[in-house]
Amino acid sequence: LGHVVGQDGIKPDPDKLKAIEEKPHPSCIKELRSDLGLFSYYRGFVPYFSDIAKPLSELLGSSPEDKALKKVLQDPAAEPVTGKQKKEVRKAREQTLNASFVWGESQAQAYEELRRALVAAPVLAHPAFGKPFIVDTDASQVAWGGVCSQVSDQGEGRLHIDFRHSTTPLVSILVSAGKDFSRLQASLNSVFQRTRYPRYEV
């Protein structure tokens, strides 16, 4: 759904890309959430997606309503939260985030960079399950990511199958790896193999 599958590989639906290309910048939280949902659907085609989208994702950050609801949900002595109450919290949250919604230069640049990357998205190769998979990972203090690929039949270059990237804090991984690069690399490879490519033999 939303993709075109051919002999050369998998690519985004051209009609979806045209809609992305023609989209105006969002003017409120609801529009931004909708646009990010569409962009994220094709995040596997865009290297460093989370890093590029960070100025946009930050506009969807937690509000006082989120923290209050989370506190209630985590309290075993609290009364169960009804669907109506959750709806009221979401409405209040939307109002709070819209009140602080500021579309600045960094957000506009991030939006345009994502748009360009998606419109020019590469064709991802079909996985060849009879051949070894290669998972390359990298990390910094603020982000981590990986690429799943295979060597081409001609033995020249890599065929990219998937890109993944996250700005999730690496504190737990850094601690378990003792900040040693070789151990960190092994930890990342393990995480990617288990969570993103569980069917692939790396």
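Reader: What pattern does the chain follow, read along the sequence?
Author: In this predicted model, the chain runs β-β-α-α-α-α-α-α-β-β-β-α-α along its sequence, which comprises eight helices and five strands.

Reader: And how much of the chain is buried?
Author: Of the 202 residues in the chain, 31% are buried, while the accessible surface comes to about 12600 Å², with 54% of that area belonging to carbon and sulfur atoms.

Reader: What share of the contacts join residues at least 24 apart?
Author: Counting contacts between residues at least 6 apart in sequence, 64% join residues at least 24 apart.

Reader: Let's turn to helix packing. At what angle do α3 and α6 pack?
Author: Helix α3, residues 49-57, packs with helix α6, residues 105-119, at an angle of about 145°, and their axes are 7 Å apart; the crossing of these two helices is left-handed.

Reader: Which residues make the contact?
Author: From α3 the contact takes F49, I52, A53, P55 and L56, and from α6 it takes S106, Q107, A110, Y111, E113 and L114. By type, the residues of this contact divide into eight nonpolar, two polar and one charged.

Reader: Which residues have the most contacts inside the largest nonpolar core?
Author: Those are F39, L56, L114 and L118, in a core that has 23 residues. At least two residues of this core come from each of α1 (14-22), α2 (29-41), α3 and α6.

Reader: What is L114 in contact with, leaving aside its neighbours within four places in sequence?
Author: With those neighbours left aside, L114 is in contact with F39, F49, I52, A53 and L56.

Reader: What does F101 contact, beyond its neighbours within four places in sequence?
Author: Beyond those neighbours, F101 is in contact with P26, S27, C28, I29, L32 and L59. For S27, the C-alpha to C-alpha distance from F101 is 8.4 Å, with the two residues 74 residues apart in sequence.

Definitions and conventions:
Residues numbered from 1 in each chain as written. Predicted model: local features only at pLDDT ≥ 70, side-chain atom pairs only at ≥ 80, totals over all residues. Heavy atoms only, no water. Helix = DSSP H or I, 4+ residues; strand = E, 2+ residues; numbered from the N terminus. Buried < 20%, exposed > 50% of the residue type's maximum accessible area, 1.4 Å probe, protein only. Contact = heavy atoms within 4.5 Å. Areas by Shrake-Rupley, 256 points an atom, 1.4 Å probe, with all protein chains shown as cover. Axes fitted to C-alpha atoms, helices over the stretch in contact; angles between N-to-C directions. Left-handed = near helix turned anticlockwise from the far one by under 90°. Nonpolar A, V, L, I, M, F, W, Y, C, P; charged D, E, K, R; others polar. Core = buried A, V, L, I, M, F, W, Y, C linked by side-chain atoms within 4.5 Å.
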